[in-house]
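Dear colleague,

Please find below the structure that I am handing over to you. My findings follow it.

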Amino acid sequence: MTDILAAACIAILVVMAIALVRAFKAPTVYDRVLGVNMFGTKTVLFIAASGFLMGRPDFLDIAIVYALINFIGMVAVLRFFEYTSPIE
Amino acid sequence: MDFLDIVSSILLLAGVFFGFSGAVGLFRFPDFFTRIHAASVTDSIAAILIIGALLLQTSFDLNTAKLVFILLFLMVTSPTASHALAKSARHGGLLTLAETRPQDKQGSAK
Amino acid sequence: MSFILDYYNYWVVVFLMMAGFYIVISANNLVKKIVGLNIFQTSVFMLYISMGKVSGGTAPIVVEGVTQYSNPLPHVLILTAIVVGVATTAVGLALIVRIKRAYGTVEENEFDNKDDVI
Amino acid sequence: MAEFIDLVLLAMLALTALRIIFLKDLFAVVMLFGIYSFLSALIFLNLDAVDVAFTEASVGAGISTVLMLVTLAITGRKEKQSTHSSLLPLFVVLVTGAALIYGTLDMPPFGHPDNPVHQHVAPRYIEESPKEVGLPNMVTSVLASYRGFDTLGETVVVFSAVIGVLSLLGVRRKKKKDLESGLESHRVLHVVAKIIIPLVILFALYVQFHGDFGPGGGFQAGVIAAAAFILYALILGLPKAFAVVGPRFLQWMAAAGVLLYASVGLYSMYMGGHFLDYNQLATDPVAGQHYGIIIIELGVGVTVFAVMLNIFYAFGSQAERSNVQ
């Protein structure tokens, strides 16, 4: 089971890296936000999985905070788009 | 490996597969609205599968409750965020592929 | 390989510190300078937390059957430093908003010129 | 496995910092800074600093990013090309960096249990604090009890930050313009926000009072509660948020938290001990420590909540003002 969890953690890391690349280099502003959002949700899953991998799963609180902050960041970005035109 | 471990391994691998396909979709699809479609749908299914797999590893204590809470939270916020982002993009004037290429069949039909 | 693993964290810390430092001294825009300052600050946090880690240790919350814990003292120092850091960031951003109101720009060279005129 | 994750995450962090240097679009810079904070919180988590990861995720990634976005809404989002050359800064940075790298070679190797950091007070905290203070979370024991005076100082710094921000910006209460603001067109967000905001506040209370046993405590709980109200203000607009918790009430709250903290210290002096000596608060020293920590964590939580929310109000009302103009 540990091997599978480790493999899953590494795979989630790879997905995070891909989302990071999208956030680095995005064709439109919205794509960048999408990359950031995907990075955030995958991070939540990574924290949950790595907690079980390390044998101390009692730190899931941090995953909850991540999910929450990710959503708030998203809403803040949407609000920001109402102020400034995102397409130049 | 007992039965629960096998089930949760399968769920984990399936979740990772969907997550991975979503990440690839983020690059391979032609315009923003198809890309957000790929990202948001796979985000949800990956979260369900991976957290479901981890749920089978707990022994019905506080961690189970926290995992369920994370799952519910992601189920509510992740599609909402995607929907709001797509809506904001539409209002901001972003066009679909069909609209940007008016010589295409779909574009001219519109 | 073990030499690299022993010092890898510190090298990344130095890199981040220098990246933040570079942004602070070379960026023209004040908001970007604040971002640079924050990067610099986080690198210091990273240094402290790296020093507090003990290989094979676990988080300093008592559980049954564990004797090796990581050092809790750097965690305490950095925990409060993060909150203070965001408080100072807020003050810095407030100053930037005032500068924008007073000069109409947040680009360093532009409001320098305006100072000369006045 | 932990070393490998550490390696990968630190590499991602370094790349993010590198990318931030070369970006001219400040919105992208702020987005990447959010990722940067998230990544550093992950690294803290991986290096066993759960409480720090908690704080960084909520404060660094949440509040900082939101404040920077609001500032960008006021100041504009393009960095102009610098007129002076970037060669001199590069030279300075390279020389300093080389000196620091040379310095790291004298550092004790990473993660070794015999390093000097782990020799002096740390073993005492690890061995004695569960007995002396009676809490499983050593970080909370050290934060609130052994170094309680330091934490009082930090709380005062946070309090003075809100004084600084308010004296620079000030919160403007709008009377006439009540109609505008808020994400009016996003119906779904309104509904979802109303579902999750109570849950978030509940979670903040859990973090506040569970901080003695797991990761969490006053700082984190205050920020999470503030985040719930910030979400409300972002979606429904500042005037509606002012109707729930007004800025003037928050100023009182911020001061009340600091006073609550300090009065615990004074009370323990009155009982015959030193300042912030919780052993005096009850006949049993361990029970006294419990009471003291719960009360001062509450003080910290109230102050941090009020300060963070008030800072957001100050920035938000500035942004709405510049939007109206």
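The notes below cover a helix pair, a chain contact and a nonpolar core.

This is a predicted model, in which local features need pLDDT of at least 70 and side-chain atom pairs count only at pLDDT 80 or more, while totals for chains, interfaces and linings use all residues. Residues are numbered from 1 along each chain as its sequence is written, and chains are lettered from A and ligands numbered from 1 in the order in which they are written.

Helix α2 (residues 29-54) of chain A and helix α2 (residues 32-55) of chain B have axes that come within 11 Å and cross at roughly 10°. Helices are DSSP runs of H or I with at least four residues, numbered from the N terminus; axes are lines fitted to C-alpha atoms over the stretch in contact, with angles from 0 to 180 degrees between N-to-C directions. The two helices are therefore roughly parallel (angles under 35 degrees).

Chain D brings 83 residues and chain C 69 residues to their contact (C-beta atoms, placed from the backbone, within 7 Å). On the chain D side, α3(D) supplies the largest share, 15 residues.

The largest nonpolar core has 224 residues; such a core is a set of buried Ala, Val, Leu, Ile, Met, Phe, Trp, Tyr and Cys residues joined through C-beta atoms within 7 Å, buried meaning 20 or more other C-beta atoms within 10 Å of a residue's own. Helix α3 (residues 60-83) of chain A gives the most to this core, 18 residues. Ile62(A), among those with the most contacts inside the core, touches residues including Ile47(A), Leu45(D) and Pro215(D).

Yours sincerely

Note on methods
Angles under 35 degrees count as roughly parallel, over 145 as roughly antiparallel, 65 to 115 as roughly perpendicular and the rest as oblique. Two residues are in contact if their C-beta atoms, placed from the backbone, lie within 7 Å. A residue is buried if 20 or more other C-beta atoms lie within 10 Å of its own, exposed if 12 or fewer, and partly exposed in between; C-beta atoms are placed from the backbone. Lists of a residue's contacts leave out its neighbours within four places in sequence.
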